[in-house]
Amino acid sequence: SYYPISACLGETGHILRVQNRSGNVEDGKASLAFLRALLRQVAESLGKFRLVFRMDGAYFKRSVIDLLESRGAGYAIKVPFYHWLDLQGWIRERKRWARVSDGVACFETVQRLGPWDRYLRIVIYRKRGFHQTRRNYQLDLFDPDDGTYEYSAIATNLDLSARNLWWFLCGRGAHEKIIGQMKSHLAFATIPTNHYGANSAWQQIVTLAHNLLTNFQIETGAPR
């Protein structure tokens, strides 16, 4: 099977880059080489300006953060609940949470990450729910009397308020919808041949078709 990695331009829905990978990999596999190639591609084709990335927890790596900061890029990355981070300890000690929206609250902290020997701004969120989550380890750790909370965290170097940061990262879901559209309408998930190179070329052709249709929608007055 295949598990391609892609970069989406959030403002328009274009796919800027796609790279094929074998299917037996985790989400962040080959992310560093992919990011370097993407940064070089954007600089060569569009010029130099500040890029801002939003990524899921598979890209929460020191090497990724170091690369983005060295290129002057902004980032908002989901933070996995690794034991060495001890996010659970910060949550247990927290008494006051700031409101983000109905059912969502947060607090932020700047912490030194020991294994990385560096400081990061991390915002922790809790979302109120009345259903059992798949990640029941969070329910075991935190058992409030007035309901169930689902916890998440974001690491960032952006000058955004905690509230705006929440909505900014939520927008990453548009990338998943675009991939779904490409799979259902443009056969992005099809494996047409028995050759890796040819199947990789197929993904590039599908991406070009998607971008062409996106251009057409913009040119014909699609709402922003």
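**The whole chain**

Start with the cartoon: seven helices and eight strands make up the protein. Helices (H or I, at least four residues) and strands (E, at least two) are DSSP runs, numbered from the N terminus. This is a predicted model, in which local features need pLDDT of at least 70 and side-chain atom pairs count only at pLDDT 80 or more, while totals for chains, interfaces and linings use all residues. Residues are numbered from 1 along each chain as its sequence is written, and side-chain values use heavy atoms, with hydrogens and water left out.

Zoom out. The C-alpha trace spans about 55 × 40 × 40 Å along its principal axes. Of the 224 residues, 40% count as buried. Buried means under 20% relative accessible area, exposed over 50%, and partly exposed in between (1.4 Å probe, protein chains only). Contact means heavy atoms within 4.5 Å. Take the contacts with a separation of 6 or more: 52% of them join residues 24 or more positions apart.

**Stop 1: helix α1**

Select residues 31-46. This is α1, with 16 residues. From first C-alpha to last it reaches 21 Å, close to the 22 Å expected at 1.5 Å a residue. The expected span is 1.5 Å times one less than the number of residues.

Now show the buried side of α1: Ser31, Phe34, Leu35, Ala37, Leu38, Leu39 and Val42. An α-helix has 3.6 residues a turn, so residues three or four places apart point the same way. What do the buried residues of α1 pack against? Select β1 (5-8), β2 (15-19), β3 (52-55) and α2 (62-70). Step just past the helix to glycine 47, which takes a positive phi of about 100°.

**Stop 2: the six-stranded sheet**

Colour the strands in the order β3-β4-β8-β7-β6-β5. They form an open sheet with mixed pairing. β3 and β5 (98-101) stand at the edges, each with a single partner strand, so one side of each has no neighbour in the sheet. On average, neighbouring strands are turned by 30° against each other, direction ignored. For such angles, axes are lines fitted to C-alpha atoms (for helices over the stretch in contact), and angles run from 0 to 180 degrees between N-to-C directions.

Walk through the pairs. Two strands pair if DSSP finds at least two bridges between them.

- β7 (118-129) and β8 (148-156) are antiparallel, over nine bridges. Select arginine 126: its bridge partner in β8 is tyrosine 151.
- β6 and β7 run antiparallel, joined by 10 bridges. Leucine 113 stands opposite arginine 118 in β7. Four residues lie between the strands of this hairpin, where aspartate 117 takes a positive phi near 55°.
- β5 and β6 (104-113) are antiparallel, over three bridges. Serine 101 stands opposite valine 104 in β6. Two residues lie between the strands of this hairpin, and glycine 103 takes a positive phi near 85°.

**Stop 3: the cores**

A nonpolar core is a set of buried Ala, Val, Leu, Ile, Met, Phe, Trp, Tyr and Cys residues joined through side-chain atoms within 4.5 Å. The largest has 37 residues. Show the ones with the most contacts inside it: Phe53, Met55, Phe60, Leu87, Leu120, Ile122 and Ile124. α1 gives the most to this core, with five residues. A second, separate core has 12 residues, including Val100, Val104, Cys106 and Leu169.

Centre on leucine 87. Beyond neighbours within four places in sequence, leucine 87 is in contact with Val79, Pro80, Phe81, Ile124 and Ala153.

**Stop 4**

Go to α5 (162-170) and pick phenylalanine 168. Is phenylalanine 168 buried or partly exposed? Partly exposed, at 23% relative accessibility. Leaving out neighbours within four places in sequence, phenylalanine 168 contacts Val52, Phe53, Arg54, Ala76, Leu158 and Leu160.

Move on to histidine 175 in α6 (173-185). Histidine 175 counts as buried, at 17%.

**Last stop: the cysteines**

How many disulfides are there? The count is zero, taking a disulfide as a pair of cysteine sulfur atoms within 2.5 Å. Select cysteine 8: the nearest cysteine sulfur, that of cysteine 170, is 16 Å away. Cysteine 8 is partly exposed, at 22%. For cysteine 170, the closest cysteine sulfur is in cysteine 106, 12 Å away and too far for a bond. Cysteine 170 is partly exposed too, at 42%.
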